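Look at the model first, then read on.

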Amino acid sequence: ETRNLDEGRGHISMSVEPNSEPDLGSMSMDSSFDYDTDYFGNENTMNDKEDEALSWRLDPQDSHSDWAVIIKCPNGSEKEYHVHKNILAVGPSKSDYFSSLFRNSSHLRESETNTSTIMLEESAAEVFPDLLDFMYNKSHSLVFSRKNAVALRYLSQYF
């Protein structure tokens, strides 16, 4: 007996003897299946953006960013980073600072705007993107130099 596993669509079939366990080795794929359409027959519209790894560097709308970090410097410059709370607060490269902030954010003014404003010296502000890269990508290695070592150490203690 051949049973259809896809409710009338005929994509996957296998032979099954009555009152016996199915033989998974007898499964076969219907070669007429069109992988350019979804289950409902709509054209697949996946694009390259969907294949990208989640990053703070992506467009905030495309990556569904749910928090912003504004870094301000004493010289008046500022830069906004659109980040993801789950990346900053969970996992092996998490930030204790952000983890605590998000856990207690309902009591803070920051939760109204989903934005943190942090004042950093220029040297620390320059390497803040390196820290974000490290938190987002566990295989990313921080490269220390004479120019950034003190700032990276400061950020590692702050966050």
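Predicted model: local features only at pLDDT ≥ 70, side-chain atom pairs only at ≥ 80, totals over all residues.

The report goes from the sheet to a helix and then to the core.

Three strands form an open sheet in the order β5-β4-β6, and the pairing is mixed. β5 and β6 (115–119) are the edge strands. Each has a single partner strand, so one side of each lacks a neighbour in the sheet. From one strand to the next, the twist averages 20°.

β4 and β5 run antiparallel and are joined by six bridges. Two of the facing residue pairs are set out here.

| Residue | Residue opposite, in β5 |
|---|---|
| W67 | V83 |
| A68 | H82 |

The hairpin of β4 and β5 has five residues between the strands. There, G76 takes a positive phi near 95°. In general, strands of a sheet pair through backbone hydrogen bonds.

**Helix α6**

α6 packs on the sheet and touches β4 and β5. Its direction makes about 5° with that of β5.

How far apart are the end C-alpha atoms of α6? They are 22 Å apart. The helix has 15 residues, 122–136. At 1.5 Å a residue it should span 21 Å, so the two values agree. Still, α6 bends by about 35° at F128. A proline, P129, follows within four residues.

Much of the interest lies in what is hidden. The buried residues of α6 include A124, A125, V127, F128 and P129. L131, L132, D133, M135 and Y136 are buried too.

**The core**

Nonpolar side chains tend to be buried together in soluble globular proteins. Here, the largest nonpolar core has 27 residues. Which residues have the most contacts inside this core? They are V83 and F128. β4, β5, α3, α4 (96–103), α6 and α7 each give two or more residues to this core. The largest share, eight residues, comes from α6.

F128 ties these parts of the picture together. F128 is where α6 bends, and F128 is buried. Leaving aside residues up to four places away in sequence, F128 touches V69, I71, Y81, L120, L155 and F159.

Note on methods: Residues numbered from 1 in each chain as written. Heavy atoms only, no water. Expected span 1.5 Å × (residues − 1). Bend = angle between axes of the 7 residues up to and from the residue. Buried < 20%, exposed > 50% of the residue type's maximum accessible area, 1.4 Å probe, protein only. Pairing = 2+ DSSP bridges. Core = buried A, V, L, I, M, F, W, Y, C linked by side-chain atoms within 4.5 Å. Contact = heavy atoms within 4.5 Å. Axes fitted to C-alpha atoms, helices over the stretch in contact; angles between N-to-C directions.
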